[in-house]
Amino acid sequence: MKVSYNWLKDYLDLTTEPAALAEKITRTGIEVAGVTQMSAGLKKIVVGHILSCQPHPDSDHLNVCQVDVGEDEPFQIVCGAPNVAAGQDVIVALPNSRIADNVKIKKGKMRGVASMGMICGLQEIGFADSVVPKAYVDGIFVFPESIEPGTEVYEALGMTDSIIDLDLTANRADAMGMHGVAHEVAAIEDLQPHFETVTVAESDVTTASQISAKVADATLAPSYQLRMVQNVTIQPSPLWLQTRLWHAGIRPINNLVDVTNYMMMTYGQPLHAFDADTLTGTDKQIEVRLAQAGEKLVTLDEAEHELTTEDIVITDGHQPIALAGVMGGLASEITPQTTNVIIEAAIFERTAVRKTAQRHNLRSDASSRFEKGVNVADVQVALDAAAAMMAELGNGQATAGVVSPTQLAPVAKVVEIEAQRINHVLGTDLTVETIITLLNRFGFAVANDEGHLTVTIPARRWDIEIEADVIEEVARLYGYDNLPSTLPTGAMTTGALNATQKALRHTRHFLEGAGLTQAISYALTTPEKAQQFMLRPATATVLDWPMTQDHSDLRMNLITGLLDDAAYNVARKQTDLALYEQGRVFLKTTAEQDRPHELEYVAGLLSGNRQVKSWQVTAEVVDFYTIKGVVDALLASYNLVDDVRYVATSEFAEMHPGRTAAIYVGEILVGFVGQVHPQIAKANHLKETYVFQIDIAQILALPMQTLIAKPAPKFPEVTRDIALQVAESVTNADLVAAIQAKGGQHLVSVQLFDVYAGSHIEAGEKSMAYTLTYLNESATLTEEEVTAAFEKVVAHLIATFDAKVR
């Protein structure tokens with residue numbers, strides 16, 4: 001909310017400087033984002049009157065203007081604006097002036113013709129494109145009323161005004177209008193606001209004889225009121241009104257539309273104006289109802305929207321002419337041909353307004369206010385004020401009376417609280433009289449019965465509901481910095497991590513020690529990505545009102561987020577990647593389940609080189625065994641009782657069918673590791689990419705063992721090597737398991753050191769060579785003991801796998 005200091009002074013006898021006032025407002029609970037003055041840094045910019053305008057002799061788009069700038073002689077200025085013409089009052093930057101962005105304007109020549117300065121558009125002196133009237137967006141600004149040449153433009157355009165930018169929270173919607181801000185500042189400064197009494201000069205024609213109104217369901221529009229102004233003339237608004245809208249961040253349109261926006265900024269009450277003559281039918285009936293399936297509406301932004309049965313619409317009894325509380329329809333907009341206007345003031349069901357604005361991507365100043373609430377007491381006041389101003393600025397007549405099918409009466413809320421309770425919560429020792437005085441400054445009526453306070457809250461402060469709200473108001477006005485400081489009391493406990501937190505921290509530290517960098521991805525994703533890389537079947541959790549279509553489902557895997565991160569890095573020429581993410585996935589077993597189970601997963605991604613090329617070493621590319629080694633070491637660090645197994649699988653459609661293994665601990669599936677399917681890698685613009693995903697929650701539920709340190713062995717190890725020729729279908733895991741089963745009590749390790757397939761080996765077979773290590777921790781092993789154990793292993797391998805010893 002951008003608050004004009006000069007506008008605020010219309011309601012309050014302020015003497016506090018803007019910067020000091022902003023500091024006070026911040027200290028009482030409403031954050032001030034900043035205080036600005038548009039004239040700061042500008043110099044020598046005046047009003048000029050164009051006496052003549054002739055085409056440039058050497059250009060088809062430039063004009064040579066003689067401009068009266070209040071000096072003895074006119075200044076000659078060359079201007080390229082398409083709308084420049086004789087007789088206009090314009091903005092002139094004189095020689096050696098400073099315009100926006102500290103640009104200096106000097107005397108010069110344009111195609112051989114001398115130019116003494118510059119005729120400016122509003123953007124060139126600091127106004128945003130979004131607030132410049134459309135007629136002047138691509139040209140210079142022309143004052144709508146005559147101003148003495150040579151007058152500095154700053155006062156005329158309101159640029160000397162200080163704008164206080166309030167960063168309002170959702171609960172302080174009462175401050176989304178100047179009257180609400182005035183009440184707030186009045187409490188801070190201990191002043192009494194003074195507002196003009198609204199009176200409407202009405203014609204002999206009654207509003208009810210011209211239009212009728214109907215609300216299909218009172219819950220859709222608990223308050224709905226219409227007025228009418230006839231025989232209006234559409235023209236630009238006076239400059240004072242345009243400047244107030246500029247500084248509020250609103251583009252002036254015309255005298256009628258500007259009045260609706262001005263009243264919204266004044267009272268916080270959105271209004272809408274319809275061209276009465278565009279309504280279809282002879283009965284001129286306005287009806288508020290829910291849209292029908294298949295109905296369409298073209299809004300003021302010229303976009304067509306297909307409506308749903310949850311949208312509240314304003315109709316002319318036949319077809320929609322506006323989305324209630326959000327935006328009007330193009331067919332009934334105010335145009336230069338409008339002569340009769342219907343003004344609408346209402347309170348719409350706030351949840352429906354919010355959903356409609358979000359559904360159709362039509363966030364507006366009006367919808368923001370309706371969502372958060374408006375002052376019931378000001379609905380009729382804002383409507384009357386708008387009718388009176390439209391009649392004045394449009395030279396029309398307001399019809400008599402209001403058409404109101406529904407209407408809410410403002411009701412003051414009452415909160416009862418003990419003065420002692422306020423002091424107890426705040427830690428203060430305020431007297432009852434002081435508390436009453438503070439609440440009175442907010443305009444709250446207080447009845448005192450021996451410290452029992454009955455606080456009556458006016459309708460304009462609908463955010464005040466309970467005792468805590470009243471206590472907060474006392475604290476805000478008394479001053480948070482005046483509250484006493486105390487240390488917390490109570491039993492002190494030593495903080496510590498629980499078992500799950502320790503395991504998660506260990507996981508992160510281990511993977512970072514292995515060279516992976518942590519990534520944090522969005523928990524919300526697309527429906528397609530949510531269903532990929534899943535460890536087990538589950539039902540998606542879909543948001544009712546997602547912020548975007550790309551963030552509509554809660555994730556059920558971590559890998560798609562890592563792939564997005566990898567694609568982001570590769571697009572920026574970072575191709576050697578080692579990432580991991582530890583986070584939660586959200587799984588539902590059935591669609592009827594209200595809330596998903598939140599499970600802790602960890603996932604990793606490797607791509608590119610694991611060893612960068614240098615003068616000493618060659619580059620080494622990441623492969624399946626690189627990432628499997630990381631997973632192996634991670635799982636070993638958990639000290640699980642059951643053995644970890646890797647089983648080749650093609651069940652994961654998003655993974656390479658020949659380079660993927662399911663990870664089992666005992667008989668329980670806990671994850672998978674392997675290469676991402678080439679098609680998915682290509683879709684993400686990645687080269688060969690390897691990933692793993694592990695269900696940490698499943699891991700932590702498994703039995704774990706405590707490792708006990710043992711002294712280094714006193715006796716030497718004995719090794720035996722064996723090379724086996726076996727069928728290609730035989731896996732390393734099968735052979736290692738068989739060796740360990742028959743290796744005897746002194747076999748301590750089995751290490752694969754060579755794999756060969758090719759010439760000198762029969763087709764369909766391969767050679768695998770192992771080193772077997774034996775150790776007796778209590779005595780030296782003899783040759784006979786090792787040979788006997790080794791021969792048992794060889795015999796078992798030959799019998800089980802039809803292996804040939806090479």
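**A few local details**

Modeller: Happy to! Let's begin with Asp174, which counts as buried because its relative accessibility is 10%, and buried here means under 20%. Keep in mind that this is a predicted model.

Colleague: Good to know. Where is Asp174 found?

Modeller: Asp174 is in a loop, the one between strand E11 (162-167) and helix H4 (178-189).

Colleague: And which side chain does the side chain of Asp174 make a polar contact with?

Modeller: That would be Arg172, whose side chain makes a polar contact with the Asp174 side chain at 2.8 Å.

Colleague: What else does Asp174 touch, not counting residues up to four places away in sequence?

Modeller: With those left out, Asp174 touches Gly180 and Val181, and also Arg460, Arg461, Trp462 and Asp463.

Colleague: Nice. Switching to backbone: which residue has a positive phi of about 70° although it is not a glycine?

Modeller: That's Asn96. Most residues other than glycine have a negative phi. Asn96 is found in strand E6, residues 89-99.

Colleague: Is Asn96 buried, partly exposed or exposed?

Modeller: Asn96 is partly exposed, because its relative accessible area is 39%, and that class lies between under 20% for buried and over 50% for exposed.

Colleague: And what is the phi of Asp802?

Modeller: Asp802 also isn't glycine, and its phi is positive, near 55°. Asp802 sits in the loop between helix H20 (783-801) and strand E42 (804-805). With a relative accessible area of 60%, Asp802 is exposed.

Colleague: Now helices. At what angle do the axes of H7 and H8 cross?

Modeller: Roughly 145°, and the axes of H7 (residues 350-359) and H8 (residues 365-372) come within 8 Å. The crossing of H7 past H8 is left-handed.

Colleague: Which residues in H7 and H8 meet?

Modeller: From H7 there are Arg350, Val353, Arg354 and Ala357, and they meet Ser367, Phe370, Glu371 and Lys372 of H8. By type, the residues of the H7 contact with H8 divide into 4 charged, 3 nonpolar and 1 polar.

Colleague: Last topic: what feature does UniProt place at residues 39-154?

Modeller: The unreviewed UniProt entry gives "domain: TRNA-binding" there, at residues 39-154.

Colleague: How far apart do the end C-alpha atoms of residues 39-154 lie?

Modeller: They lie 6 Å apart, and the span is 41% strand and 2% helix.

Colleague: Great, thanks for the tour!

Note on methods. Residues are numbered from 1 along each chain as its sequence is written. This is a predicted model: local features need pLDDT of at least 70, side-chain atom pairs count only at pLDDT 80 or more; totals for chains, interfaces and linings use all residues. Side-chain values use heavy atoms; hydrogens and water are left out. Axes are lines fitted to C-alpha atoms, for helices over the stretch in contact, and angles run from 0 to 180 degrees between N-to-C directions. Helices (H or I, at least four residues) and strands (E, at least two) are DSSP runs, numbered from the N terminus. A crossing is left-handed if the near helix is turned anticlockwise from the far one by less than a right angle, and right-handed if clockwise. Contact means heavy atoms within 4.5 Å. Ala, Val, Leu, Ile, Met, Phe, Trp, Tyr, Cys and Pro count as nonpolar, Asp, Glu, Lys and Arg as charged, and the others, Gly among them, as polar. UniProt positions are given in the numbering used here, feature names are shortened, and annotations may be inferred rather than shown by experiment. Buried means under 20% relative accessible area, exposed over 50%, partly exposed in between (1.4 Å probe, protein chains only). A polar contact is a pair of N or O atoms within 3.5 Å; within protein, one must be able to donate a hydrogen and the other to accept it, and residues adjacent in sequence count only if both atoms are side-chain atoms.
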